[in-house]
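Please consider the model shown below.

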Amino acid sequence: MTPDPSIESGRTGLGPLGRAQTARLASSMLGAVGVERALADFLQHHSEGLPLAVEESVRLLSDRGQLVRGGAGWRRAGEGGLDVPPTVRDSVLERVDRLDGPARAVLRAAAVLADPTPEPLLLDVSELPEAERIGGLSAALGSGLVRHDGDGHVSFHHALAARAVRGGLPEIERGSLHGAAGLIL
């Protein structure tokens, strides 16, 4: 039998939950009563299938009284978005705060740009001095919050992390970064 290299390295790669798995997880939290498809779709989209984000989103909706039990199972009462679950937000922001200034600048620029961004554009928007750009990008990539796609684009692994970083920016800094992006684009 060949050993699993992911186990030997101490890492296990888990993919995001699919809609059906998201529905089962939510259902298990709600007394094993099913959830309507619209709720499962909402949770799947909002959480990107991250189990912790699914759990925290269900708890937040429940605490707010936004879950209603109907004939077809649990459904969401009301419309609108849902903030990044506080536990996810706090975890991401703590990870960002542990990084050096240039890495944080790259992550903030990536959060404001939101989409996979060409590396030169990302570094221009970060407004880092030339001497700090490569180190900042390397440290941001090393944090595991962002990834390089191999085609010269950088993006967050998860939109929730990008939203957490963007939401954690003071309004004036977010505006400045948007302004820099607008001028460069």
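Helices (H or I, at least four residues) and strands (E, at least two) are DSSP runs, numbered from the N terminus. The model is predicted, so local features need pLDDT of at least 70 and side-chain atom pairs pLDDT 80 or more, whereas totals for chains, interfaces and linings use all residues. Residues are numbered from 1 along each chain as its sequence is written, and side-chain values use heavy atoms, without hydrogens and water.

The chain comprises 10 helices and 5 strands, and its C-alpha atoms fill a box of roughly 60 × 55 × 30 Å along the principal axes. Of its 185 residues, 38% are buried, that is, under 20% relative accessible area with a 1.4 Å probe, protein chains only.

A nonpolar core is a set of buried Ala, Val, Leu, Ile, Met, Phe, Trp, Tyr and Cys residues joined through side-chain atoms within 4.5 Å. The largest has 34 residues, and Val92, Leu107, Leu122 and Phe156 have the most contacts inside it. Among the elements giving two or more residues to this core are helix H5 (86-97), strand E5 (153-156) and helix H10 (171-184). H6 gives the most, 9 residues. A second, separate core of 18 residues includes Leu17, Phe42, Leu61 and Leu82.

A pocket is an open set of points on a 1 Å grid over the protein atoms alone where a 1.4 Å probe fits, with protein on both sides within 12 Å along at least five of seven lines; lining residues have an atom within 4 Å of a point. The second largest pocket is lined by Asp83, Val84, Arg89, Arg163, Ala164, Gly167 and Gly168. Helix H9 (residues 159-168) supplies the largest share of this lining, 4 residues.

Definitions and conventions: Buried < 20%, exposed > 50% of the residue type's maximum accessible area, 1.4 Å probe, protein only.
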